[in-house]
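Trainee: Hey, could we go through this one together? I'd like to know how to read it.

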Amino acid sequence: MFSEFKKVFNNRDNVAAEWKKSGNKVLGYFSALTPEEMIYAAGILPVQLFTTNLPLTETKTCLPDFICTHLKDCLEQAMTGKLDYLDGSVLAHACEASRGFYGVWKLNSGMPQSHFLQVPATSKKTSRDFFISELKIFKSFLEEMSGNEITDDRLIHSIEVYNENRNLMKKLYELRSFSDSSISGSDIIDIIKAGLVLPKDEHNRMLENIISNYHENPDIDNDQGDVYICVVSNAIEEADTVIEVIEKCGGHVVMDNFSYGMRYCWDTVESGPDPLGSLATHYLEKIPFPGKFPMAKIVDSLTGMAEESDADGMIWLVEKYCDPYMFSYPAVEIKAKEKGIKMMSIEAEEVGNIPRLQIKVEAFMESLMDEII
Amino acid sequence: MITAGIDCGAKSTRAVLIKDGVIAGRGLVLTGFDQVKAVQESLEKALRDFQIIEDQIDRIGGTGSGKDSIINADIHVNDIKAMSKAAAFFFPNARTVIDVGAEEGRVAKVDKNGNPVDFAVNGKCAAGAGSFIEAMARALEISLEDMGKLSLKSNKSIPMNSQCVVFAESEVVGLIHAKTEKNDICKAIHDSMANRIASMIRRIGIEEDVSMIGGVSYNPGFLDSLKRELHLDKILIPEMPEYGAAVGAALVAGLDGH
Amino acid sequence: MTAHENYIKAKEKLLAKYYQNYSDAASKKKLTAHVTGFLPFEVLVAMDIFPFYPEGYATRACNTDMGDELVFEAEKAGVSRDLCAFSTCALGSMYSDKGPQGGMIAPDLLISSAYTCGAHVPWWELMHQHYKVPLFIIDGPVLCADYEERHIDFYISQTKELISFLEKETGKDFDEDRFEKVVELSSDACEYFHKVIELRKNSPSPVGFRQLFADMFGLVNVTGEQETLDFYKAFYEETLEKKENNIGVAEHEEYRLIWDNLPIYHDMDLFDYFESKGMVFVYETLLKEYFAKGLDKSDPFRGLAKKYLTGWTNRRLDRKIEIVEEAVKEYRVDGIVVFENKGCRGYSTGQLDVAKSLKEKIGIPNMIVEGSMADPGSHDPNKFRSMVDMFHEVLKSQSAGGR
């Protein structure tokens, strides 16, 4: 049932090629702070750039070692011709490394067109106004690239398609939360990943299909013991492995929080006559994003969601050298402790060694069991 | 004129004697805790090899991470200079030289006189040095020699992208547990190390001929990976490459004496 | 009084002024605000607030060999040592109450900025969570391009919001005249610092790396005071005299170098080692592109915006390359040291392209070395020195080859 999603993701180059057949453009993006709705409204296919675990060779001449794998891997893909199907790229400011990286990317990636989208750190009025001016410039960039004008009507339609996607994803999460759910934590990841490379309306059709055909499956033995775990991660590429290990150790992943995933779909973009303003509000205020102000928002959102889903423990899976997540960790830990939720941190680099990962996860789960008893 | 070159490294100490531009004697001992003693012993071995006594040596050049322990040296020779001079001595057309020792990997670009004009050294991390391969051989319970041979039998590419040696080791352990073929693991290890050395070379810009000294040059698996990584047909390796830096030090001592 | 005596005297007065401000703050006669580097301190000084720099505090911790201990304390609190090394030192001090002067002074206010470094906002948020005092964020365009009018406007709006915030917190009105005076003093002091730096075009260079990094203290810690201006004037006059007498910082200046990135605060002796080999730094992107800048006094708000939006990390990469190329010519540079600073990801990203371009276009050799500005645990002093020796060999070969 879900293998379709995996297939789509693994053949994402074909999806893009198919899209381009009709003369349309494809734009790669790096971060969840990118207003994809605008790209889609221009008739351009937005494609999230993923880590592919390439051997890093070319990038070593232009980036230091202590930059996250995601940025390095994307540049390696570009420098070795693996992103030639892209017509351009957009880098929304998410962290300090990404700002320095933009110049390196422009100089070395060979990308025909690139755009840096500034995202203010706060959502006060002056910042929001500035963000709108940034969105307007991004809009011109997209219009020039596609040759299509992004009218308010097109933008409103695009927001509707994306909101529908968010609602469907939310529904899926609800189905997932039943204890006899036939949807596993790693299925969810496949579904999310497919959504980041497909045209959203197609993803919506696929989601509608599985939701309408969904039935509880009492035969499925999810072996979902008593340990409820939530997983927070910026490394969706490694998250499925970790979730599989958790499930194998008898854990039940009751909540996830990836850059995409629950956080991404929880709130819809306000529909109204000022679509650009709605998008500004959404990306600045509604999506809690580590590294942006106020930190309390992401802290409360993560610990709150963990509490609501009765999680006993939180696994924090983060790519090495990711500043926004590393800075958030101590704050989340203090709050989680207050709520009686234990935390364990795993670096994405550790995921390569599954037996060791399993030992770590098992030990964590045992410590949680002791407390439950 | 007879000059001696001593290279006191973290793992072993090597001495060579050069008489009128020809290598005439060699000696190698494990460095151990007492570097001064190792220096003396390696020199004595080389003297016995050439059958002369210490007084017949005109000048001594010392190099390596333990060069301060070479108390009888007339001159301390910088590691980059030693490897560059050695490369020019063995292969006058060499423009890029690689030296991979136990604790450090280095590359240099040399001019036609054997002077270094650019260089790079691997970071603090040991994943670009010989001791990494040794540690991995121990984990795989095979000899260093076998490691090179087995690696050549593999034609699989398993990327290892770990930033540091601790993670790399962990990745290897993971591969062992996942019942990956030893051949393929050996190749993955050599590939990952070759990748580190190659990226240093790319930083300085590759120029042929490329030559390599240091003990790791004996490892055919590593050389194979490095050639593939750099798209090279050949890497020039002198006879007994582990004495390379010592030869360079002896040459500099000779030049300096004139 | 000789120029040198005058410099010493002015320095004493500058430090006395700093300690007076510090003790006023410590005894609560003045409010203390913990501020990030490179924000409009002039506004704070005009409002009679003591600006305290956790970043500067981290450098002092390193100078006094406490870096290791504080990083350890930070790790205990869940702060990764892979983060900004200033933040790990300062947060380590905050969570443990350890550090120079018996730990960091407690803030009354927290003021952060978003445009110089992405670490500033989340780092100040952790302080906010800990100290529970009001936090203000100067949002700003996160530039990696040349500024435009809308960026200046945005910055000015932030400065004005900062003023309202401070008026509310202090209950005092903003005094425009005082502000203009502070801006003037601050700008003039920076201009003198700029002139000091320009004197290094002379060979031999009359002033060295260590002195410049020590003496920039006043620009950030004692902004906008008469004592500050007097000091930088004296500093300039002393350096000028040295230049005129052809006194160089190194005994024998052989090679003139650029240092790209922050210093290594826990191993400042390293720079003496360079000089002992005749390798003299004559240009640092940090000093030149952040601190040695005056501003347009006729329009202080715009002036501040322009100054603070053109820090090195705000520059587009191709402009960085141009700037360094110009410096090579103006300062007759022989080589560049690229310090890949694990402790500052932002500064370190793009450095390799600058070095690559210098090498390919004008044949300037480089030394690339990784370490951390404030984490002694990820630094190997011996290895660093042996690389300096290697680079020395390369410079020798290059000059023999008649570049």
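Predicted model: local features only at pLDDT ≥ 70, side-chain atom pairs only at ≥ 80, totals over all residues.

Trainee: OK, chain B then. What does helix α1 of chain B lie across?

Mentor: Helix α1(B), residues 35-50, lies across β1 (2-8), β2 and β3 of chain B, and it runs at about 140° to β3(B). Such angles run from 0 to 180 degrees between N-to-C directions, with axes as lines fitted to C-alpha atoms, for helices over the stretch in contact. Contact itself asks for C-beta atoms, placed from the backbone, within 7 Å.

Trainee: And what's the strand order in that open sheet?

Mentor: In chain B the order is β3-β2-β1-β4-β5, with mixed pairing. β3 (22-30) and β5 (75-76) of chain B stand at the edges with a single partner strand each, so one side of each has no neighbour in the sheet. Strands pair when DSSP finds at least two bridges between them.

Trainee: How many bridges join β2 and β3 there?

Mentor: There are 8 bridges between β2(B), residues 12-19, and β3(B), and the two run antiparallel. B:Thr13, for one, has B:Val29 in β3(B) as its bridge partner.

Trainee: Switching to B:Met200: buried or exposed?

Mentor: B:Met200 is buried, because 22 other C-beta atoms lie within 10 Å. The cut-off for buried is 20 or more, with 12 or fewer for exposed and partly exposed in between, C-beta atoms being placed from the backbone. B:Met200 sits in helix α6 (residues 182-204) of chain B. Apart from neighbours within four places in sequence, B:Met200 touches B:Gly105, B:Val107, B:Ala120 and B:Asn122.

Trainee: Which strands does β3(A) pair with?

Mentor: β1(A), residues 26-29, pairs with β3(A) in the parallel sense over 3 bridges, and A:Tyr29 stands opposite A:Val90. β4(A), residues 114-117, also runs parallel to β3(A), joined by 4 bridges. There A:Ser89 stands opposite A:Ser114.

Trainee: What about helices across chains? How do α14(A) and α6(C) pack?

Mentor: α14(A), residues 323-338, packs against α6(C) at an angle of about 5°, with the axes 9 Å apart. That makes α14(A) roughly parallel to α6(C), a label for angles under 35 degrees. The residues that meet include A:Phe327 and A:Pro330 from α14(A), and C:Trp123 and C:Leu126 from α6(C).

Trainee: And how many residues are in the whole contact between chain C and chain A?

Mentor: Chain C gives 39 residues and chain A gives 43 residues. On the side of chain C that touches chain A, α6(C) has the largest share, with 6 residues.

Key: Residues numbered from 1 in each chain as written. Chains lettered and ligands numbered in written order. Contact = placed C-beta atoms within 7 Å. Parallel < 35°, antiparallel > 145°, perpendicular 65-115°, else oblique.
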